[in-house]
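Trainee: Could you walk me through how to read the sheets and the ligand site in a model like this one?
Mentor: Gladly, let's look at it together.

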Amino acid sequence: MNKIFAVAGVVIKELYRRKDFYVLFVLTAVLTLAAGAVNFFHDEKIIRYVKDLCLLLIWVSALLVAIITTARQIPAEREARTIFPLLAKPVSRAQVIAGKFLGCWLATGVALFIFYFFFAIITGSREHIWPVGVYLEAAWMQWAMLAIVIAMVLLGSIYFAAPSSTNVISFIVVAGILLVGGHLNAIALSQPEPMQTVLAWVYFVIPHLEWYDLRDFVVYDLGTVPARAVALATLYAAVWTGIFLLLAWFGFRRKNLTT
Amino acid sequence: MNVILKTEKLRVEYRNRDFRQQSKVALVGLDLEVHAGEIFGFLGPNGAGKTTTMNVLLGFVPPTSGAASLFGIDVRQPIARQRIGYLPELTYYYKFLTAEELLRFYAKIFGLTRAETDKRIAQLLKLVELEHAAKRPIKGYSKGMQQRVGIAQSLINNPDLLILDEPTSGLDPLGRMKVREIIQRLKDEGKTVFFSSHELGEVEAICDHVAIVHEGQLKATGTVAEISAGHTNLEQSFLKIVGYQTTLVP
Ligand SMILES: Nc1ncnc2c1ncn2[C@@H]1O[C@H](COP(=O)(O)OP(=O)(O)O)[C@@H](O)[C@H]1O
Ligand SMILES: [Mg+2]
């Protein structure tokens with residue numbers, strides 16, 4: 001376990017010493033603050049609209065951080081050849097995969113909770129409401145979803161050599177699931193036969209990232225989701241994360257790494 | 001004496017990505033034994049299979065067939081590498097870490113305690129003369145300094161077996177001298193060093209045992225004296241063994 005944490009520690013150190021990460025991070029924070037600072041709110045509708053926009057920004061930004069950071073981990077180790085002195089030590093490839101996952105997930109989590117913190121400050125100071133429970137739940141669910149995404153990207157990065165292809169493919173898949181994944185079963189019903197079964201199957205076998213989107217609960221201040229639902233969703237995320245990590249390990253385990 | 005590094009009928013085929021091309025056989029049933037306390041030179045012309053052998057020992061490449069072990073543990077188990085140090089031919093380390101952070105990271109992988117780590121890092125930074133730069137990121141280091149970081153990391157766990165892939169080909173004269181001194185010191189401490197090289201003069205000067213590989217096969221193994229017997233020096237017998245024939249007309 002210490003070995004996994006050691007690998008994760010290096011991921012996090014690299015991230016906070018890189019400039020591109022700061023750029024994205026600061027940009028999101030500033031935009032959130034700026035949106036909140038605009039002073040024409042007494043109109044419910046506009047307030048909601050701005051809140052919605054801020055949350056969308058947080059979603060896109062967190063996804064970008066997660067995907068870009070994760071996609072380059074293993075390829076960068078191979079390209080810079082740092083993987084060799086590492087694997088020459090008593091560490092298994094499974095531990096390396098687990099460490100990379102943990103590092104990316106923790107780093108993304110820190111970024112995410114800071115984003116939500118800003119968001120809470122802004123809306124709190126404007127509207128004088130502090131639904132901390134709703135925020136925590138929304139952030140937690142989003143973080144759980146990001147675990148699935150990070151594990152999936154890690155898997156992709158083992159099969160596609162170039163981080164750029166992993167980035168593009170991951171982004172398309174994630175956006176696709178978020179936008180249409182939840183409607184596939186409905187779409188299926190309106191299709192003619194072979195297509196109907198195919199779409200229904202696709203609906204059943206994809207990880208449903210869109211379930212983790214609690215933005216409407218925050219925007220419309222709908223209160224918290226039952227804890228049981230959150231627990232189930234967390235379990236579901238853990239299972240998918242485990243599956244992707246297992247597949248990633250399986251691909252990495254038998255790779256020839258030649259010096 | 002204890003065998004601490006062993007390969008048995010080791011065969012490695014590099015499968016080609018392009019399925020129309022044949023796979024490349026790099027090792028053809030290599031049998032090798034290195035005993036505790038030896039300074040063992042692993043010799044062979046370019047392409048003989050030296051790096052491939054090391055890649056198997058370090059777990060980078062799985063053997064196609066046959067077996068390899070370190071301290072009696074199959075190399076497919078990471079724990080086989082608990083007591084070894086490895087210096088790659090070319091050294092590249094996480095550039096955003098400082099030398100001290102890098103060493104601390106590797107110490108964690110070896111499971112050293114905090115106190116051991118602190119002590120070891122202080123010793124090693126002194127050994128490779130990097131105390132003054134220890135808190136600067138590696139990306140600002142000169143090439144020679146980066147090589148010395150490499151030497152330090154290979155010794156972080158106080159290894160009983162040091163594996164070096166052509167240690168002198170990538171190093172500047174200072175680094176080279178350092179490596180020689182370290183090899184001599186490890187020898188005095190009764191440790192084992194396994195290194196590949198094709199610089200025979202150097203091998204003759206520091207090794208006690210050698211093995212010669214050629215085209216993926218072991219051609220000869222023994223003490224330097226045994227191998228050179230009947231020839232003017234190690235180089236002459238090496239050339240004979242790998243089948244070199246002069247094309248100059250006398
Ligand atoms: N990744 C690889 N793919 C295909 N063939 C390889 C690969 N690495 C090495 N080889 C081949 O295997 C043989 C042995 O190479 P190597 O072990 O690097 O030799 P040495 O280190 O003794 O110079 C050579 O013929 C080399 O071309
Ligand atoms: Mg070589």
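Mentor: Let's start with one pair of strands: in chain B, strand S1 (residues 3–14) pairs with S2(B) in the antiparallel sense, over nine bridges. Keep in mind that this is a predicted model.

Trainee: Which residue stands opposite Tyr14(B) in S2(B)?

Mentor: That is Lys24(B). Remember this pair, as we will return to both residues at the ligand.

Trainee: In what order do the strands of that open sheet run?

Mentor: The order is S2-S1-S4-S5 in chain B, four strands with antiparallel pairing. At the edges are S2 and strand S5 (73–74) of chain B, each of which pairs on one side only.

Trainee: And how should I picture the side chains along a strand?

Mentor: As a general idea, side chains in a regular strand alternate between the two faces of the sheet. Now the other sheet.

Trainee: How many strands does the open sheet with mixed pairing have?

Mentor: Six, in the order S6-S7-S8-S3-S9-S10 of chain B. Strand S6 (84–87) and strand S10 (217–223) of chain B each have a single partner strand, so one side of each lacks a neighbour in the sheet. On average, neighbouring strands of this sheet are turned by 15° against each other, direction ignored.

Trainee: How do I follow one pairing in detail there?

Mentor: Go through the bridge partners. Strand S9 (residues 209–214) of chain B pairs with S10(B) in the antiparallel sense over six bridges. His209(B) has Thr223(B) as its bridge partner in S10(B), and Ala211(B) has Thr221(B). The hairpin of S9(B) and S10(B) has two residues between the strands, and in it Glu215(B) takes a positive phi near 50°.

Trainee: Why is the site of ligand 1 called shared between chains?

Mentor: Because residues from chains A and B surround ligand 1. Among them are Thr258(A), Tyr14(B), Lys24(B), Gly49(B), Lys50(B), Thr51(B) and Thr52(B).

Trainee: Where are the polar contacts to the ligand?

Mentor: Look for side-chain N or O atoms beside the ligand's oxygen atoms. The distance to an oxygen atom of ligand 1 is 3.3 Å for Lys24(B), 2.6 Å for Thr51(B) and 2.5 Å for Thr52(B). Taken alone, ligand 1 exposes 560 Å², and the protein buries 67% of that.

Notes
Residues numbered from 1 in each chain as written. Chains lettered and ligands numbered in written order. Predicted model: local features only at pLDDT ≥ 70, side-chain atom pairs only at ≥ 80, totals over all residues. Heavy atoms only, no water. Pairing = 2+ DSSP bridges. Axes fitted to C-alpha atoms, helices over the stretch in contact; angles between N-to-C directions. Near = heavy atom within 4 Å. Polar contact = N/O pair within 3.5 Å; in protein donor to acceptor, adjacent residues only side chain to side chain. Areas by Shrake-Rupley, 256 points an atom, 1.4 Å probe, with all protein chains shown as cover.
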